[in-house]
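Me: Got a model I'd like to talk through. Can you start with how the elements get assigned, then go on to the fold?

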Amino acid sequence: MKARRGGGRVIPALFKGLLDDAAVFPPGSMPLADAVPAHARHLAAPYADIVGPFVLAAPMLAELGDADVALAVTAPGGPAQVPGVLALAGNRLTALDVAIPAAMKPAEFFTALEPVDVPVFVEIPRDERRAEVIAICAKTGRAAKFRTGGVTADRYPDEAELAHAVRRVVDAGVPFKATAGLHHAVRNTDPATGFEQHGYLNLLAAAGAAMGGAGPRELADLLALRDPGALTARVSTLDTTVRSAFRSFGTCSILEPLTELVALGLVPEGVTA
């Protein structure tokens, strides 16, 4: 039986299901044997409504065994990994995130995904294929996944690049999720690495502005905003329709982003108790 979601204090609707539990991924890198029971504890906590599925890479599925947990599985190797994922994950699979191999043409990629009937998030490449991939996502009902960081500085798209990407998917009616690099609510410079890191609230604000018709320059300004008060005020004006565009983001810690939302006054105090 899947772990029951906790009750009690209410997570605002704007943030429900925002945090995909990527505890086993860097920089957290929690062992799978610890991450699965930790996920169950999150689902039994008062803040359970902010927690999305448990994220696992396809190569780790065999280690999971028969643990009964809702899964979002990543297939970094592309469609070739999908049959194995479907066989091992079964009805636990709630979403499938698939990368496009560098040598694969978009049409070939989407043809390979045609038999898949669970929600698919296509990792959007940062090359000349981007526009075509987003256009086919719109035609086929697939969603998008943006990589917003990584282990080296070049893995982080700058504000202008990410702003154009958000503008393009919103124009196409393609929902998106994000992964990697969103370690804090507000745009920041990592003191350990010097990397410029996007804030997850900046991205939420940009998605809302894009839905309201803002152009790439305004979206880039929102992605660059470093004033917590100004950003919180902006996010406070959003309604839940923004989540039809920005679905969720992967985080190796559930409590850290939740605690930041509490500190900013966007989630009730005491929800983590």
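Reply: Helices (H or I, at least four residues) and strands (E, at least two) are DSSP runs, numbered from the N terminus. This is a predicted model, where local features need pLDDT of at least 70, side-chain atom pairs count only at pLDDT 80 or more, and totals for chains, interfaces and linings use all residues. Residues are numbered from 1 along each chain as its sequence is written, and side-chain values use heavy atoms, with hydrogens and water left out.

Me: How many helices and strands does the protein have?
Reply: There are ten helices and ten strands. The radius of gyration is 18 Å, close to the 19 Å that the globule rule gives for 273 residues, so the protein is as compact as a globular protein of that length. That radius is taken over C-alpha atoms, and the rule is 2.2 Å times the number of residues to the power 0.38.

Me: What share of the residues is buried?
Reply: 51% of the 273 residues. Buried means under 20% relative accessible area (1.4 Å probe, protein chains only).

Me: Switching to α9, which residues are buried there?
Reply: L231, T232 and V235, in a helix that runs over residues 228–236. Looking down the axis of α9, they fall within an arc of 100°, so they line one face of the helix. The arc is that of the directions from the helix axis to the C-beta atoms.

Me: And what do they pack against?
Reply: The buried residues of α9 pack against α7 (200–211), with contact meaning heavy atoms within 4.5 Å.

Conventions. Buried < 20%, exposed > 50% of the residue type's maximum accessible area, 1.4 Å probe, protein only.
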